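Dear colleague,

I am passing on the structure we spoke about, together with some notes on how its parts are arranged. Please look through the sequence and the coordinates before you read on.

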Amino acid sequence: MKIVTIASDPENPFLTRLLAPSCASLGLDLVVLHPAGAQFEFSDKRRVLAEYLTTVDGAEIVVFTDAYDTLFLRGQNFIETAYARFGKRIVFSGEPNSWPLGAIGMALHPHPPAGRFPYLNSGGFIGPAGDIARLLRRYQDPPVHRFETLTRLRAHGYDTDQLYGWSDQYFWTLVRLLEQSSIGVDQDGTLFHFLGPRIPDVVHREVMRDVHDFYDRGRAAASYRRERERLPQLLTEPSGAAQLHFAGSVTKAVALDLLDEGSLPGWLTDHCRAPRVPAPSVEA
């Protein structure tokens, strides 16, 4: 089994202080892909991952994880056992928010939301390398033309590809809706635990307004203060999952501040105390 991530910045503090040490302490084989070139977009993750998968045996189980806001709590045996219970070839992390499509994404789902984390999150997924590679070959671009709702919106000037084509999560959400027999979502957080905020009414520009406010004002921003209050409360109870995902710019900033202050709970940091060693990396 391989844990695979993509990092344009190999010195990112979350990668070097939390993700890589947690994998080392659990004996997980972490592969860090370093994309070539100065410019890197979220959508480039699919290209980089597809190129790497050509070097891996098709039967190898691959766990993809975000580089700058995740860590692991449990090792290979737990991950493989939890994955097998889903009965799906590929399983994605779930989250409570229909990001980035908001209400439009909700309308595309054929059934009401189920579980704590009903919507796909692309910050963590697992499956055989060959199955993931085949999906990436089958869907070169977001399959927007397969959805009548999105086609009608485009006719009215609302082009979801133009608005959200940058988002890897947008791509995988559409693919999963077309491939539900083989792609599942961890709706109860048994394998992937989403720790980002719940945003009941996902409106992209409003979410980004909070992010920009944080970039401009730092710890004085209202979004930072909200996360600073919420996250420690959420971490009082140990997670039973294998991966923790501190999704969002503000959430991961708060997590790193708590780490610097020694305020993260022991059940979490005990897995991040392995001696720092360079993670194996591959140029992409």
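Helix α1 (residues 13–26) packs against α11 at an angle of about 65 degrees, and the two axes are 11 Å apart. Please keep in mind while reading that this is a predicted model. An angle from 65 to 115 degrees counts as roughly perpendicular, and α1 and α11 are therefore described as roughly perpendicular to each other. As for the hand of the crossing, α1 passes α11 in a left-handed manner. On the α1 side the residues that meet the partner helix are P13, F14, R17 and L18, and on the α11 side they are K252, A255, L256, L259 and D260. Sorted by class, this contact of α1 with α11 holds six nonpolar and three charged residues, with no polar ones.

The helix α11 (residues 249–261) also has α10 as a neighbour: the axes of α10 and α11 come within 9 Å and cross at roughly 60 degrees. That angle makes α10 oblique to α11, and the crossing of these two helices is right-handed. From α10 the contact draws on S223, Y224, E227, R228, R230, L231 and P232, while α11 supplies V250, T251, V254, A255, D257, L258 and E261. By class, the contact of α10 with α11 is made up of seven nonpolar, two polar and five charged residues.

A search of the whole structure finds 10 aromatic pairs, and one of them joins F214 to Y224 in a stacked arrangement, with 6.0 Å from centre to centre and 5 degrees between the planes. The pair links distant parts of the chain, since F214 belongs to helix α9 (residues 204–217) and Y224 to helix α10 (residues 222–234), and the two residues are 10 apart. Are these two partners buried or exposed? With a relative accessible area of 12%, F214 is buried, and Y224, at 5% relative accessibility, counts as buried too.

Helix α9 also holds D210, which is partly exposed, with a relative accessible area of 29%. Leaving aside residues up to four places away in sequence, D210 touches S223 and R226. The C-alpha atoms of D210 and A222, which are 12 residues apart along the chain, are separated by 7.9 Å.

Turning to another part of the model, helix α2 (residues 44–53) and helix α5 (residues 129–138) have axes that come within 10 Å and cross at roughly 135 degrees. The helices α2 and α5 are therefore oblique to each other, and α2 passes α5 in a left-handed crossing. The contact is formed by R46, L49, A50 and L53 of α2 together with A129, I132, A133 and L136 of α5. The residues of this contact of α2 with α5 divide into seven nonpolar and one charged, with no polar residue.

How many of the 10 residues of α5 are buried? Seven of them are, and the helix α5 is accordingly described as mostly covered. The buried residues of α5 are A129, G130, D131, I132, A133, L135 and L136. What covers these buried residues of α5 includes α2, the strands β3 (61–65), β5 (90–95), β6 (119–128) and β7 (183–186), and also α8 (168–178).

The helix α8 is where F171 is found, and this residue is buried, with a relative accessible area of 0%. Not counting residues up to four places away in sequence, F171 touches R46, L136, Y139, D141 and P142; of these, R46 and L136 are also named in the contact of α2 with α5. Between F171 and Q140 there are 9.7 Å in space, C-alpha to C-alpha, although the two residues are 31 apart in sequence. Finally, F171 belongs to a cluster that ring pairs form by linking F64, F92, F125, F171 and W172.

With best regards

Definitions and conventions:
Residues numbered from 1 in each chain as written. Predicted model: local features only at pLDDT ≥ 70, side-chain atom pairs only at ≥ 80, totals over all residues. Heavy atoms only, no water. Axes fitted to C-alpha atoms, helices over the stretch in contact; angles between N-to-C directions. Helix = DSSP H or I, 4+ residues; strand = E, 2+ residues; numbered from the N terminus. Parallel < 35°, antiparallel > 145°, perpendicular 65-115°, else oblique. Left-handed = near helix turned anticlockwise from the far one by under 90°. Contact = heavy atoms within 4.5 Å. Nonpolar A, V, L, I, M, F, W, Y, C, P; charged D, E, K, R; others polar. Phe/Tyr/Trp six-rings, centres within 6.5 Å; stacked < 30°, edge-to-face > 60°. Buried < 20%, exposed > 50% of the residue type's maximum accessible area, 1.4 Å probe, protein only.
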